[in-house]
Amino acid sequence: MKVRELAIEGALEFSPTVFADQRGLFVSPLQEPAFSDATGAPFRLARSFHSTSRRGVLRGIHFTTAPPGCAKYIHCARGRALNFVVDLREGSPSFGRWDAVDLDEVSYRAIYLTSGLGHAFVALEDDTDMVFLCTAPYRADDELSVNPLDPEIGLPVPAGLDPVRSDRDTVAPTLAQALADGLLPRFEDCRV
């Protein structure tokens, strides 16, 4: 397992070894020893979820309030998606910045986002399946979003795609609105 730090503190990329032969393949996208070595703590799994998207679907920028916060470990089980990590932590040195990782069913790379970071992705192929492992149970009131097409953030959605978004993501506030409304997690609350 190779580990790479992303441009946002608290975000990592994990690249497992894929074992392929005439039968197909075997891969372990999350490996506890490598994860613990990279983060200094074990991954505490509280829930998982799975999404399937057609080409052009843009989901996010999703995040949870902190506290309680929720870290996520994400990989693509089928298809291909461009994933964005956005620093939404008020007071963070990299507040408002983002990094991108292409996740697919070939490399099985995964990304880890600590509490306070936002996540978005755009499906680049039909039937793109994303798998999310989360450190906190679902609480509807804790799940928030920032508009993924906010020009101030400037996520580079690939040209030629007409993004398909949920109603929730379409009406989500801009980063500036979310900050003014006190919706964003504070950096110091996410460094537990």
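Colleague: How many disulfides does the structure hold?

Modeller: A disulfide is a covalent bond between the sulfur atoms of two cysteines. Here the cut-off is a pair of cysteine sulfur atoms within 2.5 Å, and the structure holds zero disulfides. This is a predicted model, where local features need pLDDT of at least 70 and side-chain atom pairs pLDDT 80 or more, while totals for chains, interfaces and linings use all residues. Residues are numbered from 1 along each chain as its sequence is written, and side-chain values use heavy atoms, without hydrogens and water.

Colleague: Are C70 and C134 buried or exposed?

Modeller: Buried means under 20% relative accessible area, exposed over 50%, and partly exposed in between, with a 1.4 Å probe and protein chains only. C70 has 6% and is buried; C134, at 0%, is buried too. Buried residues make up 50% of the 192 residues in the protein chain.

Colleague: What does the radius of gyration say about the protein chain?

Modeller: The radius is taken over C-alpha atoms, and the globule rule is 2.2 Å times the number of residues to the power 0.38. For 192 residues a compact globule would have a value near 16 Å, and the protein chain agrees, with 16 Å. Its C-alpha trace spans about 55 × 40 × 30 Å along the principal axes.

Colleague: What share of the contacts joins residues 24 or more positions apart?

Modeller: Contact means heavy atoms within 4.5 Å. Of the contacts with a separation of 6 or more in the protein chain, such residues account for 78%.
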